[in-house]
Amino acid sequence: MCQAWGEGVGDLVERGRQLAAIDARVVVKVPLTAAGVQAAAVLTRLGVRICTTACYAPHQVFTSIAAGAEYVAPYVGRMTDNGVDGVAAVASMNKIVAGSGSRTRVLVASVRSAEILGNLAALGCNTFTISPQIARELVGDPATIKAAAEFEEAARRKQENSRGNMGFSI
């Protein structure tokens with residue numbers, strides 16, 4: 001994804017077209033401002049893939065859908081920082097998209113923990129952008145690490161006691 005920038009619709013459209021020309025896989029991000037939504041609608045009609053970004057409220061999802069955005073990106077962590085229940089707001093956004101029959105996908109950003117990701121996944125969200133730290137948390141649960149070490153130790157002991165037949169009785 002590449003962020004378009006500019007002071008008005010014309011700037012956003014021009015930069016969006018330039019970014020999209022880099023490669024067909026590029027998704028152009030535009031802010032959920034009046035100019036951004038207008039630019040998104042123009043760019044979508046031109047065949048440019050769009051992500052409306054900086055989504056902070058469920059009602060903004062309707063605008064993204066109407067503009068033809070492929071993705072809408074709410075910032076769950078930042079919403080929570082602003083005193084909003086970010087998980088509940090993102091879950092509502094996901095329900096709006098599902099209920100609309102739109103192909104727009106909720107791309108959850110500003111995920112601050114694996115627990116929040118898991119909670120949102122349980123509520124139906126399936127598209128996330130995460131930091132390397134969160135990726136490590138997804139595979140780093142202390143109980144899992146302890147259990148894996150215990151399995152390895154048990155296998156090592158069994159192999160030592162079974163003289164090379166990998167623990168199988170033949």
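Me: Two strands pair if DSSP finds at least two bridges between them. So which residue in S5 is the bridge partner of valine 72?

Reply: First, a caution: this is a predicted model, where local features need pLDDT of at least 70, side-chain atom pairs count only at pLDDT 80 or more, and totals for chains, interfaces and linings use all residues. Residues are numbered from 1 along each chain as its sequence is written, and side-chain values use heavy atoms, with hydrogens and water left out. S4 and S5 run parallel, joined by 2 bridges. In one of these strands sits valine 72, whose partner in S5 is valine 106.

Me: Which hand does the crossover from S3 to S4 have?

Reply: The chain leaves S3, goes through helix H3 (residues 60–67) and comes into S4 as a β-α-β unit. Look with the strands pointing away from you: a clockwise path from the first strand over the helix to the second counts as right-handed. This crossover is right-handed.

Me: Which residues cover the two faces of strand S4, and are they buried or exposed?

Reply: Buried means under 20% relative accessible area, exposed over 50%, and partly exposed in between (1.4 Å probe, protein chains only). On one side of S4 (residues 71–74) are Tyr71 and Ala73, and on the other Val72 and Pro74; all of them are buried.

Me: Which residues is valine 90 in contact with, leaving aside neighbours within four places in sequence?

Reply: Contact means heavy atoms within 4.5 Å. With those sequence neighbours set aside, valine 90 touches Pro74, Val76, Met79, Val106, Val108, Leu120 and Cys125.

Me: What is the angle between the planes of tyrosine 56 and tyrosine 75?

Reply: Phe, Tyr and Trp rings (six-membered ring for Trp) pair if their centres lie within 6.5 Å, and planes under 30 degrees apart are stacked, over 60 edge-to-face, the rest tilted. The structure has 1 aromatic pair. Tyrosine 56 is in the S3–H3 loop and tyrosine 75 in the S4–H4 loop, so the pair ties together parts 19 residues apart in sequence. The ring centres are 5.7 Å apart, and the pair is edge-to-face because the planes meet at 85 degrees.

Me: How far away is the cysteine sulfur nearest to that of cysteine 55?

Reply: A disulfide is a pair of cysteine sulfur atoms within 2.5 Å, and this structure holds 0 of them. Cysteine 55 is in none; its nearest cysteine sulfur belongs to cysteine 51, at 9.6 Å.

Me: What is the phi of alanine 54?

Reply: Alanine 54 belongs to strand S3 (residues 49–55). With 27% relative accessibility, alanine 54 is partly exposed. Although alanine 54 is not a glycine, its phi is positive, at about 65 degrees.

Technical notes. Helix = DSSP H or I, 4+ residues; strand = E, 2+ residues; numbered from the N terminus.
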